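Come along and look things up with me.

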Amino acid sequence: MTMSRFTVPALIVVAVVLPLATGNTYLHHLLVLWMLFSLLALSLNIIIGYIGELSFGHAAFFGIGAYTTAILGMHFGLPGIFGLFVAAAMAGLFGLVIGYASLRIEGPQFAILTLGFGSIIYTTTNYWVDVTRGPMGISNIAPLGVGGFFEFTTAIEYYYLALFLVAGFGYCCHALMQSRTGRSFIAVRENASLAASLGINVFRTKLLAFVVATAVAGVAGAIFAPYLTVVTPEVMSLHYMVAIIIMVIVGGRGTIAGPILGALIYVGILELLRATGPLRMVIFAGLMTLSVIYLPGGLISILKRKIHIGGGVTDQPPKPEAKQ
Amino acid sequence: MDIETILLIQQIMNGLVNGMTYVLIATGLTLVFGVLHIINFAHGEFYMLGAFFTFFASKLLGLDYVTAGILATVAVASLGIVANRFFFWPLRREHEFTLLLSSLGLALLLTNGGELIFGADPKYISSPFADGIVAMGPMILTQQRILIFGVGALMLLLLYFFIQKTTMGKMMRATAQDAEGAALTGVDIRRVYTVTFVLACGLAALAGALVGPTAMIYPTVGSWAVLKGFIVVVLGGLGSIVGALIGGLTLGVVEALVGGYISLGFAQAVGFAIIIVVLLWRPNGLFGVARRAG
């Protein structure tokens, strides 16, 4: 993935300079969406890429995070940045309960069970009007603030906040994969019974991954809501559930650059296709299907191949292969 | 009988008819999973196509409802061959996520393509049976709903004999047990794939043609159909046709009772609540067999 040890710092510098290159606020908006979806896709990648289970419920945790900040702000006027932690805790708590119930099951049944939990949370949000204001959603959400000193208002500020979190979380994922815990994730993915025979508690390992992933998804939601200043139950709909999975798998599951690239492709392609009008989603679906059929390892696998030809052996330890 | 009992029996009867729709949708889904180990997210779209093809066959070609329905079923079953050829067969050696995403891509293509070609506005399929009423004592069902139940039951019976008695059925069962082993003994896996998809897509289309006249049809109805199908299939056990039958009828009746006595909104989520409880108690569903090792 990385050609040399300068690649990642160089990419971060590019990401930092990127919004300054244009004054177009709409482009800034797309950059914020890209970074927030990157954070979300990176968190789902822990489940899909590292422990090898497919979760359809991930959008629900994004939604829980978004609603947590919105409701906290509405009833208690809680300063936003503090809300990020509450949102992470809330989403993680839901993740703990749902993961505890559903991680005993694996494969297709797990995927459909998470779809079930996600749909129940979506339906509840839609009908529990007293707390969530139902399908109308919550509007006029206060911007994120740091205890009265600073308020995140412009798109650029939200972009840097999200970029900081993506870089931080990306580094954590990288460090995780070097650690014993990370290797036990991979062991569980590759062969659960063998992992168990080596003394890895498969259930607890999966649960740990699930809780971390859902808590981070909650943080992404907790930034998304104040950024847009409005949140509706639609953030938990099937549309978003599927969108995050597309980002992770089209980008390249089990890698760090893959989900970030996937989020860029998702936001970018849909935007570029806007000109095609009603054909937009048809072309998008076609492109997505072609990329899955011809690049099962995700788009990142093209880069990997190129780098292996050009640069020979990398200084990276072996990354989990996207394709088993 | 007092009015409460009549109401209860009427709700259960309505639930059984809705349940038979779910059974028809879920049978194709469970067949594709049981034989080929593919979770087909696009399955609901074939239900949608079945309904729209019936609509256009009667509207544009001037066919009567029954002929239009049969034509639509055959046409969509043939589309199953194309779908398999391009979206499933080439990926048979890939990871299950790849196949699942390919089917998701197909689902998006069909939904959005459908919206483009058919228009997003809801449509009605007219059927001569839609207004005819059959009274059974104090209980009432329309002829269309009796048709749904009757044709559904007949199809399941035919499918059962096809799988149990014919050579092709035996080849499908052999593939379900062990695709590689089946191939070694001379089973043409490629034909098994084709036949399985033809059956699954045909059943889904038939469900669409049958249910179309009882509700409005619109291009996004496929995601509703596939979600119901998933609930039924997981409830009954992935790959089990008996499970799809029991699971589908159960879901139909429970939804009707919850919708009638508690709230219509909650009826949408009750299916998921049931599978959560069932899966925690029996991880492989009511009639499922243990997941293959590895």
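Here are my entries, in the order I made them.

**Entry one: what I am looking at.** I note that this is a predicted model.

**Entry two: where the chains touch.** I looked up the contact between chain A and chain B and found 32 residues from chain A and 33 residues from chain B in it. Which helices of chain B supply at least two residues each to the side that touches chain A? I listed helix 4 (96-118), helix 9 (221-236) and helix 11 (264-281). Helix 4 of chain B gives the largest share of that side, 13 residues. I then sorted the residues on the chain B side by kind: 22 are nonpolar, nine polar and two charged.

I turned to helix 8 (residues 180-190) and helix 10 (residues 202-228) of chain A, whose axes come within 10 Å and cross at roughly 115 degrees. Angles of 65 to 115 degrees count as roughly perpendicular, so I put helix 8 and helix 10 of chain A down as roughly perpendicular to each other. Their crossing is left-handed. From helix 8 of chain A, the residues A:S184, A:F185 and A:V188 meet A:V202, A:T205, A:K206 and A:A209 of helix 10. I counted four nonpolar, two polar and one charged residue in this contact.

The largest nonpolar core has 200 residues, and A:L36, A:L39, A:A162, A:I244 and B:A205 touch the most other members. Helix 2 (residues 25-50) of chain A gives the most to this core, with 16 residues. I followed up A:L39: leaving aside its neighbours within four places in sequence, A:L39 is in contact with A:A162, A:L165, A:V166, A:F169, A:V216 and A:A220.

Conventions
Residues are numbered from 1 along each chain as its sequence is written. Chains are lettered from A and ligands numbered from 1 in the order in which they are written. This is a predicted model: local features need pLDDT of at least 70, side-chain atom pairs count only at pLDDT 80 or more; totals for chains, interfaces and linings use all residues. Two residues are in contact if their C-beta atoms, placed from the backbone, lie within 7 Å. Helices (H or I, at least four residues) and strands (E, at least two) are DSSP runs, numbered from the N terminus. Ala, Val, Leu, Ile, Met, Phe, Trp, Tyr, Cys and Pro count as nonpolar, Asp, Glu, Lys and Arg as charged, and the others, Gly among them, as polar. Axes are lines fitted to C-alpha atoms, for helices over the stretch in contact, and angles run from 0 to 180 degrees between N-to-C directions. Angles under 35 degrees count as roughly parallel, over 145 as roughly antiparallel, 65 to 115 as roughly perpendicular and the rest as oblique. A crossing is left-handed if the near helix is turned anticlockwise from the far one by less than a right angle, and right-handed if clockwise. A nonpolar core is a set of buried Ala, Val, Leu, Ile, Met, Phe, Trp, Tyr and Cys residues joined through C-beta atoms within 7 Å. A residue is buried if 20 or more other C-beta atoms lie within 10 Å of its own, exposed if 12 or fewer, and partly exposed in between; C-beta atoms are placed from the backbone.
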